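Please load the model and keep the chains in separate colours as you read.

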Amino acid sequence: MANVRAGAAIFSARTVTALLRLMGRGATTLPGRVAIKICPDIISVLARDQQIITITGTNGKTTTTHMVTGILETLGYAVVTNVSGANLATGIATALIGGIRVRRRAEKAGKKTVCVIEADEAAFSKVCGPLAPRICVVTNLFRDQLDRYGELVHTQNFIAKGLDACDARILLNADDSLVAALARGREERVSYFGMDDDSMVRNTVTNAPEQGIGKTTTDASYCHFCQTKYEYRARSFGHLGDFYCPSCGYSRPQPSFLVSYEKNREDQMSPSDAGFPITLTYEGESVTAGLPIPGIHNFYNTASAVAAVYSLGIVCKDPELSLGKVVQAVELVRPAFGRMEKIRIGGKSLCLLLVKNPVGLERALSFVSEASDADGMYLLLNSNDADGKDVSWIWDVDFESRTYPEKVFVSGERYGDMYLRLAYSGIDKKRMKALPMEECGNLVDEALAACAEGKCLYILPNYTAMLALREILVKRYNLKDFWK
Amino acid sequence: MQPKLKLCHLYPDLLNLYGDRGNIIALMRRASLRGIELTVDAITLGEKFDPLKYDMVFLGGGQDAEQNILRKDFVTEKGSAVKEAVAANKVFLCICGGYQMMGLYYEEHDGVKIDCLGALNVWTVGEKNRFIQDTVYSCDFLPGDKLLYGFENHSGRTYLGEGVKPLAKVLFGAGNNGRDGYEGAVYKNVYCTYSHGSFLPKNPAMTDYLLKKAVEVQTGAPFVLPELDTDIEDFARKALPACKKP
């Protein structure tokens, strides 16, 4: 009976996919929604006997998923993965149904298939059991749309529930006290990734945190277990760092996958440059590579992606997935759309950095302020359901302690809020131009015209602003399918 | 010679939700542009709060987990000092969770009553659905168009008792409880509101009002703030979606 239902679900989902494609629309969640209606356990049926890696956490899911996919493809695997943002049960089911054909083709070509699944934190609690993954990665827990998700500890509970519904190896961010706390009671399944203290200190020296106007907010200042204030031996950014609780002794676990600045070479480049040399160490073995996607937060994404693939190699006993090969492969990964991807337009370029929450925006601002080719910064802020209706988080972001390109552009439905935030951070109104969302395309033209040859305009939109903007970019600059 | 002001930011490491620090950025900006020096001290768990040292006190909102960590410290350790500062007419700005904690109690939707400081004769009852929206209020004591713009995000319904006046009338949004048409509370120089995040940046008249009050309490004499334009703030106010509603 289950097979009949599953068959009907798959058939219907494929029909829906074909129809959507005929209509020229993407089919990222609706086919899965239909399939789940017909066969509620379709995910567990399709996940059976699959090698599955899940990636969850508030920031870096898409980039990490993209990196894991890239590594595996380079090393000769076929990969089934969900489309960025389609990370609820419906999107995951859609991906698995599409994966049936991928797997069949791979088998003919003599390739193995791995499913790399990005899961929303709340969805993770429900899909992890049916997926029965081999590896679960938890990237980090930062405040993110609290009007929608409630509190950070709720998000943490969702993830805990998912982890307990499966028997996967668990890869946790050691430097995030909220994520590392998920190891309690699950110790024998857990490994950690993290950054070494020296690299954290170097990073903090170049990006000194703001002094003066009440320090910026960090989450999780107090011990998860005994509510004493954490101390830090070193910090990387946000609440990530080498923390310890002076009262109960809870502290940053020693990461077995360690990422660090490659010693002696960091003077020539900054972590804002792609290819910045980093070292990945696992149990005494060190491999050096170029950072595939720039930005200090991508140290973590790179470490977790390498850890995920390497751990899969151990679980599946595949010697092809050695540390050396995995690290070499991660170096070849290129940015996903909207995640630091550069698009050439004539002699100039555009770089899109999706910003969804305070720590994401801080990382992006820090990146732009360090980028040597930056000539213009353009922020877009919307407040649709998918963005979070509440935009007050922009006031939690430290705009004050960085310097930005001379010209600053602002749009989005909440362009007034963003303009005010920027002005209050000390950017002179003469340097700014702010227009409503309806004119965001004209403002791209204007910003590009003001950008010098050979330089780059950095665009920082939140989620629905980015969706709207990319359609406009495709039309205006004739960029066919450039995000595929 | 312009006056100097001292502000105490209570529990900034715990009550830091929804961009509340924007209010301090606003106070500092509109003070410093006028040559008024405003210094900010952070006082948190286990640290002594000196009620007479400060002209202004800011108390924001936090996540439940964080508010539970500090409630005991606030009510039992710092409680009498905070009440003393209120009695001394110090200027308070309390937002959302901070507003609720200044009141008598918070009754959760399942009936559990949590004792709060009781510096203000107000109380809060939690309900399941949250008010999450842009808001516009009208505030009588402000000059100009009297309009206050905000954003509310709360499930608690707050009611005012004798001796406490509302801060403003609701033109758009829910306000204190979604029933009586009022928003916020004023008692002595304690100003409370559910508008979090960029409340003061969007409302420079309110920022100026609090600064002026703080100087007057300190010096005991009337004070006229030096002129300062509101071009930037007006631009932002005009661009707000809620602006089109009332």
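## Where the two chains meet

Axes are lines fitted to C-alpha atoms, for helices over the stretch in contact, and angles between N-to-C directions run from 0 to 180 degrees. Please keep in mind that this is a predicted model. With that in hand, look at helix α14 (residues 415-424) of chain A and helix α7 (residues 231-239) of chain B: their axes lie 7 Å apart, at an angle of about 160°. That makes α14(A) roughly antiparallel to α7(B), since angles over 145 degrees count as such. The crossing of α14(A) past α7(B) is left-handed.

Which residues make this contact between α14(A) and α7(B)? From α14(A) come A:Y415, A:G416, A:D417, A:Y419, A:L420 and A:A423, and they meet B:I232, B:E233, B:F235, B:A236 and B:A239 in α7(B). By class, the contact of α14(A) with α7(B) holds eight nonpolar residues, one polar and two charged.

Zooming out, 27 residues of chain A are in contact with 36 residues of chain B. On the chain B side, at least two residues each are supplied by α1 (21-32), β2 (37-43), α2 (64-77), β8 (147-160), α5 (199-202) and α7. Sorted by class, the side of chain B that touches chain A has 21 nonpolar, nine polar and six charged residues.

## A helix pair inside chain A

Within chain A, helix α4 (residues 61-74) and helix α11 (residues 297-315) cross at roughly 45°, and their axes come within 9 Å. α4(A) and α11(A) are therefore oblique to each other, and their crossing is right-handed.

On the α4(A) side the contact involves A:T63, A:T64, A:M67, A:V68, A:I71 and A:L72. Their partners in α11(A) are A:N298, A:N301, A:T302, A:S304, A:A305, A:A308 and A:V309. The contact of α4(A) with α11(A) divides into seven nonpolar and six polar residues, with no charged ones.

## The two sides of α15(A)

Helix α15 (residues 440-450) of chain A has A:C440, A:L443, A:V444 and A:A447 as its buried residues. They cover an arc of only 110° around the axis, which puts them on the same side of α15(A). On the other side of α15(A), A:D445 and A:A449 are exposed.

What do the buried residues of α15(A) pack against? Their partners, again in chain A, are the strands β14 (374-380), β15 (408-411), β16 (432-434) and β17 (456-461), together with helix α16 (463-477).

A:C136 sits in strand β4 (residues 135-138) of chain A. Is A:C136 buried or exposed? A:C136 counts as buried because it has 28 C-beta neighbours inside 10 Å, and the cut-off for buried is 20 or more. Apart from neighbours within four places in sequence, A:C136 is in contact with A:T54, A:L163, A:C166, A:A168, A:I170 and A:L171.

A:P277 belongs to strand β10 (residues 277-282) of chain A. A:P277 is partly exposed, with 18 other C-beta atoms within 10 Å. A:P277 and A:G290 are 13 residues apart along the chain, and their C-alpha atoms are separated by 4.5 Å.

Methods. Residues numbered from 1 in each chain as written. Chains lettered and ligands numbered in written order. Predicted model: local features only at pLDDT ≥ 70, side-chain atom pairs only at ≥ 80, totals over all residues. Helix = DSSP H or I, 4+ residues; strand = E, 2+ residues; numbered from the N terminus. Parallel < 35°, antiparallel > 145°, perpendicular 65-115°, else oblique. Left-handed = near helix turned anticlockwise from the far one by under 90°. Contact = placed C-beta atoms within 7 Å. Nonpolar A, V, L, I, M, F, W, Y, C, P; charged D, E, K, R; others polar. Buried ≥ 20, exposed ≤ 12 C-beta atoms within 10 Å, placed from the backbone. Arc of directions from axis to C-beta.
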